[in-house]
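Reader: I have some questions about the labels used for this one. Can you walk me through them?

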Amino acid sequence: EERLKTTFESRAEKSSNAMSAKILRLVASKRTTLCVAADLSNTDKVLELANAVGPYICIFKTHVDALEDFSKKFVQELQQLAKVHNFLIMEDRKFGDIGHTASLQYGAGCFNIADWADLVTVHAIPGPGIIDGLINCLENSKSQLSDRACFIVAEMSSKDTLTTGSYLSAAIKLAETREDFVAGIVSQSATGISSPGLVQLTPGVRTISSQNGKERNGTSREDGLGQQYNSPDHVVLERGADIAVVGRGITEADSPSDAAKLYRDLLWKAYEERVAV
Ligand code: 6AU
């Protein structure tokens, strides 16, 4: 409760992870808690989206294994846009294997994620060994450990997810005990999170109007494949979201740039109401 009423500036000061402090300061100075999910299959489309929404976001989230034409050049261009617009890049890889395997998937292969992604997502299911694996990879790479961090996926947004009860509390505990490399938690609620530095990232966010505009499911708050949506207000005020992830609510809009601006405004207003500044 107190954590949620605290401003991002003060939480940055209390953070014990360099990247979480960096995220909280960026969010505070740029006045945006919006993360856009670039779930597109073509690199030109991803770059075009990054350029359009760049001014309104704090994090640009990718799924590079869904791209048909991934290249090193794409990564360089995305990094350039991140510099120009001042946002961080999160590769939503959701690592979920033993430390040794995750280390290879992070720092080798055709994507070499450790080389360019400021942030990555990690499932808690293997236990702390997965975090040690990612750290071990960085220690043997040219990337600085202090320029990288992960978010633990503690609770999913999808219908009938298995991330409940003791799994959920253990995943949060894992994040809280490993702030040496954990900057935040992907979850649908702040219940159980106490560390002021940990950033809550919440996906499954879409306005009703953007959904009905597409007439996807009438008034249903689902996408037909298990995704469940809440409004920007609801996730910030009732669920404790620090950063909200919006994918199709923005990528399927007539103007992704206008939509991003709208989501940014709605989310920031809700944050100001939460901390009552
Ligand atoms: O707004 P959408 O539904 O178009 O996109 C939601 C995005 C997708 C998912 O891979 C991701 O958020 N996501 C995650 C993350 C961020 O890890 C976890 C989760 O529980 N649900 C979810 O949708 O890119």
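Reader: Where does R206 sit, and why is it called buried?

Author: R206 is in the loop between β7 (199–202) and α10 (208–214), where helices are DSSP runs of H or I with at least four residues and strands are runs of E with at least two, numbered from the N terminus. Its relative accessible area is 2%. Buried means under 20%, exposed over 50% and partly exposed in between (1.4 Å probe, protein chains only), so R206 at 2% counts as buried.

Reader: What am I looking at, and which cut-offs apply to it?

Author: This is a predicted model, in which local features need pLDDT of at least 70 and side-chain atom pairs count only at pLDDT 80 or more, while totals for chains, interfaces and linings use all residues. Residues are numbered from 1 along each chain as its sequence is written, and side-chain values use heavy atoms, with hydrogens and water left out.

Reader: What makes G247 buried or exposed?

Author: G247 is in the loop between β8 (243–246) and α12 (248–251). Its relative accessibility is 18%, so under the 20% limit G247 goes down as buried.

Reader: Which residues does the "binding site" annotation cover?

Author: The unreviewed UniProt entry lists D39, K61, S157, R206, Q227, G247 and R248. UniProt positions are given in the numbering used here, feature names are shortened, and annotations may be inferred rather than shown by experiment. Of these residues, D39, K61, S157, Q227, G247 and R248 are in the lining of the largest pocket. A pocket here is an open set of points on a 1 Å grid over the protein atoms alone, where a 1.4 Å probe fits, with protein on both sides within 12 Å along at least five of seven lines; lining residues have an atom within 4 Å of a point.

Reader: Which residues are closest to the ligand?

Author: The ligand is surrounded by 16 residues, and the closest are D39, K61, S157, Y229 and R248. To be near, a residue needs a heavy atom within 4 Å of the molecule.

Reader: Why is K94 called partly exposed?

Author: K94 has a relative accessible area of 26%, which is between 20% and 50%, so partly exposed is the label. K94 lies in strand β3 (residues 88–95). The "active site" annotation from the unreviewed UniProt entry covers D92, K94 and D97; of these, the lining of the largest pocket includes D92 and K94.
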